[in-house]
Amino acid sequence: MNDTRRILLTTIWLFSWGLPALSIAALVPNRLVVIWAVSGILFGLFLISARHGKLVGVILLLLAISYLSLSLAGAVSIFMQGTLPDLRFFAHLDGSTFGAALQAYFWPTVATTCFLFGLLASVMTLHIWQPVRPPLSRIIGPLSLILAAVLFVPGHSTLFYLQSHYTYNALLQAKLNSSIQRPRISGLPAGKTPKNIILIYAESLEQTYLREDLFGDIMPQLRTLRSNGINFTNIHQYPGTSWTAAGIVSSQCGIPLISRNSGNQILASVENPFQNITCLAEFLKSQGYATTYMGGASLDFAGKGNFLSANGYEAVFGYDELKKFAQRSPWGLYDAQLFEEVGRVRNQLAKSATPYFLTLLTLDTHHPYGHPSPECASEFSVGKDILTAVSCSDKLISRFIRETLQGPEGKETIIAVLSDHLAMRNTASSILEAADRRLLFSIFNTNSTPQEITAQGTHFDITPTLLDAAGFGPLEFGFGQSLLSHSQGGVLAKGLTQSDLAALELGEIFPTITLPQTVTANAKRLFVGDTSFMVRDGNVKIGRRRSDIGDGRFLAVGLNSRSAALPRIIGRLNLFLEALEKNKADDLWLVYNDGHLDCQVIPDCAGSPRLILLNNDGGSKHVVTGEGTLEISRSEFKAFLANLPKTVSDIRD
């Protein structure tokens, strides 16, 4: 390769490190793009300035993986939600999100993956294609790395998130815990007839779209309906509520979805994470309501199905249960198809003498472009424009509300429409971000008096307000209280700020495991006290159609008698052994598997699955009481340690 070609190739390669920034140049200020892109070029300059060798090559590759991953994460975060990586972004870092993104953005995902591995491969082969090294590389290399780090915008954002998210304030946590309210009621007040309740979560459909000065009249039908409804015009979005799963949890349970111990995938990790909190469907079920959820997206996404099933919903339908329809958007069923099916279920529920609570989640207005139902094509210019999807949703939601209220059960039904969260980055973001944004929340009932309520509220106030409208009175749920009976929401009344809420640790109010406990196991689950766990393919999951943990599976639960934090859950033997060596905080581990590990500890143990008790000092003891039942106490555990036949190192061998 001649010098000219080497110089050209090196130049192209250096600019490749700035591509993540350049790819979102139209979405962020030019100054940010330039700083970010220069950081990438400087990082590439550092790589070609370094001396090559086996150890140096490994270090360079690790640095390249870290830098490029953060850079691409920053670009993806800006493309999807309009901000650099934050709580909302990291809450979606799981397999279900990647699967959904792959369906919605197949070719961009493929291109990004190829770019990532291609650039990393070029780093691994620097010694082969030999880019042009700059003069004084010993000085330029370290200087380039320092400047690249200083200018690396996604890195700063990630560090800020980690610092703020994992800073724990025990006093503030105690204040938050004491502020959580649990409703106490035995039934409706005397003379009250229970009303059917329908709750519509409108994907990203915020109140700002109703402003004619910004968007024109793109929601005429819902605007007309709102003239006869109860409209709450000052609903703010707080931390831990800004994505769909978080919006559902916070509006139904009155608390934000924030956790440091188990990440924000706790909905998919623990079967009943809100066991100590009363949520809306659970409450209504206790009052004799039939409870149903219907949504066009997969129930596995972000553990949503697990939360719904464990917190009061008797019937839960997602894409897999409703996929008989031929057409779908990249995110699931089109809303027109969903409303058609919801209408059938509503009519069936109305035939029963039992009051019902029906919840549905729309999808057509999903960012960034929206995916309007095909039936809207004859009325609207269907294209890659979120405002078209907004107009289509306005039509479909309003039609469903009118049909319900005009039906035979209309007088006994209240319908609420709520934004699941404010819109993330979409084709109208430049207008939305310049506005004073609020969530959409309206309640419709043929017997209600039209009102506009300006009391400042949040997601946390939705459940108590909705139940107040249904006749249950001014209850309190979590951090919320009824906006029909109070002049402000529960968060403001308790003097809590957004930064206070961001400091919440859900692990402190979720089910805790302390000693002594009863541990039982069957073919499907492991129970530690009242908390149960499942394992599928080495990962802890809870939900329907899950594999059992006795069929070649492994599960370890770390218990700490000195802490009220969630138990640690590990589904793979090698990860468990690593955690056992590194973590000195856990008093003991309870391990369940298919019998193979047992046989390395206790001879003649072939047969049914066993339970093993281990501790982090390297000791282990196999114990069985009855049909897979263990009674564990501190004194018993100490007695076990006194007569340990084997060590963890023996297990590893």
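**Backbone and burial**

User: What is the relative accessibility of Gln130?
Analyst: Buried means under 20% relative accessible area, exposed over 50%, and partly exposed in between (1.4 Å probe, protein chains only). Gln130 counts as partly exposed, because its relative accessibility is 47%.

User: What kind of model is this?
Analyst: Residues are numbered from 1 along each chain as its sequence is written, and side-chain values use heavy atoms, with hydrogens and water left out. Local features need pLDDT of at least 70, side-chain atom pairs count only at pLDDT 80 or more, and totals for chains, interfaces and linings use all residues, since this is a predicted model.

User: Which loop holds Gln130?
Analyst: Most residues other than glycine have a negative phi. Gln130 is not a glycine, yet its phi is positive, about 50 degrees. Helices (H or I, at least four residues) and strands (E, at least two) are DSSP runs, numbered from the N terminus. On that numbering, Gln130 sits in the loop between H8 and helix H9 (137-151).

User: Is Leu136 buried or exposed?
Analyst: Leu136 lies in the loop between H8 and H9. Its phi is positive too, about 55 degrees, although it is not a glycine. With 63% relative accessibility, Leu136 counts as exposed.

User: Which residues does a cis peptide bond join?
Analyst: Most peptide bonds are trans. Here one has an omega of about 0 degrees, in the loop between S5 and H20 where Pro368 lies. That cis bond joins His367 and Pro368.

**Helix H1 and the annotated segments**

User: How far apart are the end C-alpha atoms of helix H1?
Analyst: H1 covers residues 3-16, which is 14 residues. The expected span of a helix is 1.5 Å times one less than its number of residues, which gives 20 Å for H1. The model agrees: the ends are apart by 20 Å.

User: Within what arc do the buried residues of H1 fall?
Analyst: Thr10, Trp13, Leu14 and Ser16 are buried in H1. Seen down the axis, they line one face of the helix, because the directions from the axis to their C-beta atoms fall within an arc of 150 degrees.

User: Which residues on the other side of H1 are exposed?
Analyst: The buried residues of H1 have cover, with contact meaning heavy atoms within 4.5 Å. That cover includes helix H2 (19-23), helix H3 (30-49), helix H7 (106-124) and helix H8 (126-129). On the other side, the exposed residues are Thr4, Arg5 and Leu8.

User: How far apart are the end C-alpha atoms over residues 57-84?
Analyst: An unreviewed UniProt entry lists "transmembrane region" for residues 7-27, 33-50, 57-84, 104-128 and 140-162. UniProt positions use the numbering given here, feature names are shortened, and annotations may be inferred rather than shown by experiment. Residues 33-50 are 94% helix and 0% strand, with end C-alpha atoms 26 Å apart. Residues 57-84 are 89% helix and 0% strand, and their end C-alpha atoms are apart by 30 Å.

User: How far apart in residues are Cys253 and Cys279?
Analyst: A disulfide is a pair of cysteine sulfur atoms within 2.5 Å, and the count comes to 2 disulfides. One joins Cys253 to Cys279, S to S 1.9 Å, and it is right-handed because the torsion about its S-S bond is about 105 degrees. Cys253 is in helix H14 and Cys279 in the loop between helix H15 (266-269) and helix H16 (280-286); the separation is 26 residues.

User: Which helix holds Cys392?
Analyst: A disulfide joins Cys376 to Cys392, S to S 1.9 Å. With 70 degrees about the S-S bond, this link is right-handed. Both cysteines are buried. Cys376 is in the loop between S5 and H20, and Cys392 is in helix H20.

User: What is the relative accessible area of His371?
Analyst: His371 lies in the loop between strand S5 (356-361) and helix H20 (386-406). Beyond its neighbours within four places in sequence, its contacts include Trp331, Asp364 and His366. His371 is buried, with a relative accessible area of 18%.
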